[in-house]
Amino acid sequence: MSPNGEVWQGTLALMVLKTLEALGPLHGYGIGRRIEQTSGNRLIVNYGTLYPALLKLEQEGYIASSWGKSENNRRAKFYRLTRAGRRQVVREAGQWEEAAAIVARFLRPESES
Amino acid sequence: MRGVRAWLLRLFGTLRPARGEREMTEELESHLLLHIDECVRRGMSPEAARRDARLRLGGLAQTQELVRARRRLPWIESLFGDLRFGLRLLRRSPGFSLLAVLTLALGIGANTAIFSLVRSVLWSPLPYPDPADLMLLSERSADSGDTTSTSFATWVDWRARSRQFEEIALARDWQPTLSGAGDAEQVTGARVTANFFRALRVRPALGRDFHPDEDTPDTRRVVILGHDLWRRRFDSDPDIVGKTVLLGATPFLVVGVLGPDFRPLVSEAMVGGKAELWAPLGYDATQPWACRTCRHLRALGRLQAGSSRDAGLAELTAITGALWKEHPVDYPGGDVAVVPLSEQLIGSARPVLHVLLGAVGFVWLIACVNLTLLLLARASHREREIAVRMALGARRGRVLRQLLSETCLLAVLGGAAGLVLTVVLPWALTAFGPRAIPRLSEVQLDGGVLLFTLGLSLATGLLAGLAPALRLTRGRLPGALREGGTRTSAGAPGRRLRGLLVVAEVALSLSLLVGAGLMVRSLWRLLDLPPGFDAGRVLTMQVSLVGPRYETDGAVRRHHDEVLARLRALPGVEAAAVASQVPLAGNYDSHGFHAEGRMAANPEQDPSAQRYAVSPDYLRVMGIPLVRGRALAASDVDGAPRVVLINQTAAARVWPGSDPLGKRVKLGGTDGPWWTVIGVVGDVHHQRLDETPELQMYVPHAQWEADSQMIIAIRATGPPLELAAAAERVVRSVDPSQAIFQVAALDQYVSTSVAGRRLSLVMLAAFAALALLLSAIGIYGVTSYGVARRTHEMGIRLALGAQPVQLMGSILREGMALAAAGIAVGVAAALMLTRILGALLYEISPTDPATFVAVAAILAAVALLACYVPARRVLRVEPTEALRGE
């Protein structure tokens, strides 16, 4: 993944939202681990930037949080998608796919013709 | 939207940091525990797991910092920090802070006051619906250019033929005497056509508007009351509609009361206040005063929606052009004028306000310059602090932000102090001259004014603080960090900048002072001007006779004679007279002046003369000189040959080169009797002091149709107002039912007539004085700073044998060189700027050399003083002490 913070932040937000959409309420550590697993451990999530990203999503109203118990009975803050968050997943995923498709055409132009 | 929500949450987080902090710590702890749990489950030792977890989090402290930065708004926090630091600094140097805040309070406060004034007078709409569609319509005669009036007959045609105007209404001033319950009181009102309030789109709050069929000579006895009058005279009687009130001797039926928000049109009359009651005009075309040439009515038109002033003017011009063809005798040429009502109301105040805006802008600039000078002087004390900060890695932008937030803090404090000025100034203005600036009473403090003050304060802080801040952060470390870095002598940093600023400041104040000086000289000239009469020791009062007793001319005249006889017997009275009008009191009464053998083919083109119907002693009371012939005598009564006195202007214009004595004239129309000129008297300034006197004539009141409303003029042997109560008693003793009003010394009318000029003069002079004070502070500050900085150098010079006086001379020379440069630049600027004063000046050139020289001399003297005080400190410098270091 690009070390460029902006791209990282943008894609991280989408990954967080997508993860919550797939798994339902989850705490920060769980979200990070899940993203790593989904990427086949090709991505190493920097937990230090994960929490500001979660906070930003929460401030923007895409996710909400509440304290609860983890599977091994630890107190943890759980995040869940809001309705606005669900809409945002669809919107951003669409945009991302479109962007990825365009970039893909540039990378393999011959496959088009 | 999402962004705003997030921003607000962060702002909230900034203000209440504790809660978020706790939650964050707990969450990160829980994260570490979860991480450790999993690692241990996968077979790591607890220690290794803990280390791994911390490592992957990227350091607990850094992560906390990242989250914090997201939770709050860091720049606001650092701004608060800067402001706290700034406040601490201000407290540490109270002298500097006080001086700076005071300077700014004056500069910003004056601007806020003038802004609130200008905004409400010039920029806010009139208090009627769709005010932009309201126009004043008038005929404009070719010779006098008078644009305020028209006649009833013309209005009838305008109204019938116009398509561009939805309504055209007429109004004339009216001063009825309200009698009945309580003292008889003269009130100001207006007679208006029935559609007047419809044209304004105003509806009475109580009762109803006039009906069109009430606007006739026989049915016009109905009245609509203003809110204040209703409250004051009728105790806000909710059942007032349907009751009658006595105006003069006539009962009027109250049909409506206006709401408290209604603002009447400004009255044309000098006397009386705003209109407080309205009755139908009640003219019809058969009345003699409804004639085409009887132009004494003001016409107010409301344009159709979608029409424009130009369209209205074009149409009215066409209609009036047609009328000229139909009635060639009645229209002596000229054209029509269509003026937006707002123009007419603000008209004369506009140039005054513009000049004041400019002046106050100058004051603001000077205040900014002063603050910059102060900051530059203080900057030397902070060079080391800033240098250390930057050496330790503070970015220039960050330090600039800190310095600028300090100056903005200072400026906002100054602005807040200035708001006090804003509250006081309009109040003082209203006390000085309510007539001078229309709608002054509507000036108020509100959100807009506060916002303006805040904005101006911030602009001031940024503008004044930028140069010193840039200079401080230029980053010349070595010099600043060296021990004793503040001891540099003549080549002190920023010296040229400071010099430039002083020059600018002096130039700005000189321009203002010249402006104020020119206005002072105008006022002097005006007051020096002989008004044509001797206003000292003259008491005037208006009396109005009501009731059936005064139905015949004889009864009225007998009454006046009796009053005069009793007044003459009063101790302290030198002479007494009655007159139909007196100068400068706002009366206006002119009649056609048709000289035998010199009449124009169309009598309408003959000149008209101001008519005074007076008792014989009038000339003596007023001190108007008789130039030729004889004065009016007690024998000039009804039945005796009709006689008239004319003024010198009339003599010169009507009978140039020949003797007017014995010549005959007809007055008013050409079908009246002949009047014989028996004397020529001096000219009198009737309307304003700065006008050229017009034709004037004096007829014996005994030979003119008796007037129930006259002015009694008394020449006293002492101060006239001391006589007022006794004189009033005497007048009332003849008939207690008559109304007496406007008891005033003639002097008061003279000063009222220049009140507007005086007000703008007072304000401009106040701003100029402020500017002078601020520049004196500026020069003083720069010089004393220079002296303080050069103490070391002075010590060396003294040790080497220089004379203290020589050193002082060199400091004075330096300061005065700056002042001289400022004066030179200022004179050049003022030569260009004073032209805009144009109309506000009277008989004085905008480049009047005497004013310029005097102002330059004043400024030079003040500058010298401002240099001398600090320069004298050099005399006390002890070389040994100065050399030992600071």
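pLDDT is the predictor's confidence in each residue, from 0 to 100. Chain B averages a pLDDT of 83, and 91% of its residues score at least 70. This is a predicted model, in which local features need pLDDT of at least 70 and side-chain atom pairs count only at pLDDT 80 or more, while totals for chains, interfaces and linings use all residues. Residues are numbered from 1 along each chain as its sequence is written, and chains are lettered from A and ligands numbered from 1 in the order in which they are written.

**Stop 1: confidence**

Colour both chains by pLDDT. Chain A averages 82, with 87% of its residues scoring at least 70. The model as a whole scores ipTM 0.84 and pTM 0.67.

Select residues 1–7 of chain A, where pLDDT stays under 50. The model gives this stretch four contacts beyond four places in sequence; two residues are in contact if their C-beta atoms, placed from the backbone, lie within 7 Å. In chain B, select residues 268–272, where pLDDT stays under 50 and the model has 12 contacts beyond four places in sequence. Then select residues 483–491 of chain B, another stretch with pLDDT under 50, for which there are 14 such contacts.

**Stop 2: the sheet of chain A**

Helices (H or I, at least four residues) and strands (E, at least two) are DSSP runs, numbered from the N terminus. Two strands pair if DSSP finds at least two bridges between them.

Select β1, β2 and β3 of chain A: these three strands form an open sheet in the order β1-β3-β2, with antiparallel pairing. The edge strands are β1 (26–27) and β2 (63–69) of chain A, each of which pairs on one side only. β1(A) is joined by two bridges to β3 (residues 75–81) of chain A, and Leu26(A) has Tyr79(A) as its bridge partner in β3(A).

On to β2(A), which pairs with β3(A) in the antiparallel sense over seven bridges. Show Trp67(A) and find Lys77(A), its bridge partner in β3(A). The hairpin of β2(A) and β3(A) has five residues between the strands, and Asn73(A) takes a positive phi near 65 degrees there.

**Stop 3: where the chains meet**

Display both chains and select the residues in contact: 21 of chain B and 20 of chain A. On the side of chain B that touches chain A, two or more residues each come from α1 (2–15), α2 (17–41), α3 (46–57) and α4 (60–71) of chain B. Which element gives the most to this side of chain B? α2(B) does, with seven residues. By class, this side of chain B has seven nonpolar, six polar and eight charged residues. Here Ala, Val, Leu, Ile, Met, Phe, Trp, Tyr, Cys and Pro count as nonpolar, Asp, Glu, Lys and Arg as charged, and the others, Gly among them, as polar.

**Stop 4**

Axes are lines fitted to C-alpha atoms, for helices over the stretch in contact, and angles run from 0 to 180 degrees between N-to-C directions.

**Stop 5: strand β9 of chain B**

Select β9 (residues 250–257) of chain B, which pairs with β6 (residues 206–207) of chain B in the antiparallel sense over two bridges. Leu206(B) stands opposite Val257(B) in β9(B). With β7 (residues 222–225) of chain B, the pairing of β9(B) is parallel, over four bridges; Ile224(B) has Gly256(B) as its bridge partner.

β8 (residues 244–247) of chain B pairs with β9(B) in the antiparallel sense over four bridges. β8(B) and β9(B) form a hairpin with two residues between them, and Gly248(B) in the turn has a positive phi of about 65 degrees.

**Stop 6: α16 and α24 of chain B**

Finally, select α16 (residues 495–528) and α24 (residues 804–833) of chain B, whose axes come within 7 Å and cross at roughly 45 degrees. α16(B) and α24(B) are therefore oblique to each other. The residues of their contact divide into 15 nonpolar, four polar and one charged. Among them are Val502(B) and Leu510(B) in α16(B), and Ile823(B) and Leu833(B) in α24(B).

Terms used. Parallel < 35°, antiparallel > 145°, perpendicular 65-115°, else oblique.
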